[in-house]
Amino acid sequence: MITLLCTVFLSLTLASSVYSETNSPASPPAYTAETELGDQNRVFASRGSNVTLPCRLHRQHGMSFGSVGMRIKWTKLSADESLEEDVLVSMGFHKKSYGSFQGRVHLLEADDDDASLVLSDVSLDDVGKFRCEVIDGIDDVIHEVTLEVQGVVFPYSPRLGRYNLNFHDAEQACLDQDSVVASFDQLYEAWRSGMDWCNAGWLNDGSVQYPITKPRGPCGGANARAGLRNYGQREKSKSHYDVFCFTSGLKGRLYWLVQPHKLTFAEAVQACQDDGAEIANVAQMYAAWKLNGYDRCDSGWLADGSVRYPISSPRRNCSPTEAAVRFVGFPDKKQKLFGVYCFKGQQ
């Protein structure tokens with residue numbers, strides 16, 4: 001019996017869990033493979049870049065991927081791993097890509113043993129677990145890989161206030177901020193980096209959790225250990241919480257627009273447009289703050305009608321205790337009390 005073993009290894013910045021598998025081949029094996037462990041099981045990418053997800057056979061005879069019956073299949077798993085989305089299927093010279101991956105994926109085919117997948121123009125929706133499957137007759141081996149992009153997790157609640165989003169509203173709220181609902185791995189890594197937030201929020205697997213680095217009474221108890229507080233899976237239509245969103249690095253520049261007077265929300269939107277830009281959204285502010293160290297002690301309008309300001313260097317009167325994006329609130333849009341943060345994309 002021919003035993004196939006496809007080695008897939010990845011390395012990523014914002015996931016904390018490592019996925020690896022080893023298989024014990026039957027004797028004598030027709031194929032052998034080496035499985036890389038640890039952080040090499042994750043792949044790092046940035047939004048808009050190209051990335052290769054490695055998958056390689058170490059053959060001991062002359063059969064190649066072009067042989068009749070050899071089949072390579074790449075799929076992407078949903079956040080809760082209950083569904084698979086077809087990415088690419090290859091049977092000899094016949095290859096087909098699917099859905100949002102059409103025109104963006106192809107096999108590297110560096111040699112006859114190479115089944116690596118090349119993915120171009122990486123988006124936030126591409127983040128997650130991929131599955132590489134090589135099939136020859138009744139023999140097949142499956143290995144899973146996880147793709148991540150460099151970015152930042154941030155909590156979000158709408159103008160209506162705390163705990164007003166069902167899961168579907170949460171997905172839309174993140175999308176409106178040019179982001180996606182964060183994964184468990186992304187929130188876990190954010191917690192490891194010091195994130196502490198006492199409001200429970202949706203994650204993309206349908207669970208509700210929140211990160212605590214400083215245990216205290218109202219946030220799971222003062223005697224509880226630091227970690228992710230987990231409410232478990234919740235009913236997606238009827239349960240209401242906040243949401244943790246994830247966004248990646250900026251393709252452009254967030255900046256404070258110097259103005260002689262304070263602005264209403266409508267005036268703020270127009271001022272950015274007059275400057276050849278657009279009013280910044282919440283995700284852009286968090287990305288500029290976390291990834292670029294942006295610091296400004298001026299409260300300014302953002303696109304969702306909220307007012308915030310980013311502090312990277314804590315100081316008196318400007319978030320004295322910690323670096324943070326400070327939230328002022330959702331004031332009356334007609335008030336002339338604030339400036340504005342604009343965003344100008346790369347040309």
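This is a predicted model: local features need pLDDT of at least 70, side-chain atom pairs count only at pLDDT 80 or more; totals for chains, interfaces and linings use all residues.
Biologist: Which element gives the most to the lining of the second largest pocket?

Modeller: About 830 Å³ of space lies in the second largest pocket, and 32 residues line it. Strand E12 (151–156), H2, strand E17 (242–248), helix H4 (282–292) and strand E22 (324–329) each give two or more residues to that lining. The top contributor, with five residues, is E12.

Biologist: Which residues lie nearest the centre of the second largest pocket?

Modeller: By class, its lining has 15 nonpolar, eight polar and nine charged residues. Nearest the centre of this pocket are Met-195, Asp-196, Trp-197, Tyr-286 and Trp-289.

Biologist: Now for the largest pocket: which element gives the most to its lining?

Modeller: The largest pocket has a volume of about 970 Å³. Of its 37 lining residues, Lys-76, Ser-78, Ala-79, Val-127 and Asn-204 are the closest to the centre. Several elements supply at least two lining residues each, among them strand E5 (70–77), strand E10 (128–136) and helix H1 (167–176). With four residues, the one that gives the most is H1.

Biologist: Which residue has a side-chain oxygen reaching to the backbone nitrogen of Ala-283?

Modeller: Let's look at both ends of the helix. H4 is followed by Gly-293, whose phi is positive, near 70°. At the start of H4, the backbone nitrogen of Ala-283 has a side-chain oxygen within 3.1 Å, and that oxygen belongs to Asn-281.

Biologist: Is Tyr-341 buried or exposed?

Modeller: Tyr-341 sits in strand E23 (residues 339–345). A polar atom of its side chain lies 2.5 Å from the backbone oxygen of Asp-298. Tyr-341 has 0% relative accessibility, so this residue counts as buried.

Biologist: How many residues apart in sequence are Tyr-341 and Trp-301?

Modeller: In space, the C-alpha atoms of Tyr-341 and Trp-301 are 6.3 Å apart. In sequence, the two residues are separated by 40.

Biologist: Which residue meets Asp-196 in a salt bridge?

Modeller: Side chains of opposite charge can pair when their charged atoms come close. Here the N to O distance is 2.6 Å. The pair links distant parts of the chain: Asp-196 is in the loop between H2 and strand E14 (201–202), while its partner is in the loop between strand E15 (207–212) and strand E16 (227–233). That partner is Arg-216.

Biologist: What is the relative accessible area of Asp-298?

Modeller: Asp-298 forms a salt bridge with Arg-296, with the closest N and O atoms 2.6 Å apart. Arg-296 counts as partly exposed because its relative accessibility is 30%. Asp-298 is partly exposed too, and its relative accessible area is 26%.

Biologist: How many salt bridges does the count come to?

Modeller: One of them joins Asp-304 and Arg-308 (3.7 Å, N to O), and both of these residues are buried. Elsewhere, salt bridges with shared partners join Glu-81, Glu-84, Lys-129, Arg-131 and Glu-144 into one network. The count of salt bridges comes to 15.

Technical notes. Residues are numbered from 1 along each chain as its sequence is written. Side-chain values use heavy atoms; hydrogens and water are left out. On a 1 Å grid over the protein atoms alone, a cavity is a set of points where a 1.4 Å probe fits but cannot get out, and a pocket is an open set with protein on both sides within 12 Å along at least five of seven lines; lining residues have an atom within 4 Å of a point. Grid points are joined across faces, edges and corners, and a volume is the space filled by probe spheres set on the points. Ala, Val, Leu, Ile, Met, Phe, Trp, Tyr, Cys and Pro count as nonpolar, Asp, Glu, Lys and Arg as charged, and the others, Gly among them, as polar. A polar contact is a pair of N or O atoms within 3.5 Å; within protein, one must be able to donate a hydrogen and the other to accept it, and residues adjacent in sequence count only if both atoms are side-chain atoms. Buried means under 20% relative accessible area, exposed over 50%, partly exposed in between (1.4 Å probe, protein chains only). A salt bridge is a side-chain nitrogen of Lys or Arg within 4 Å of a carboxyl oxygen of Asp or Glu.
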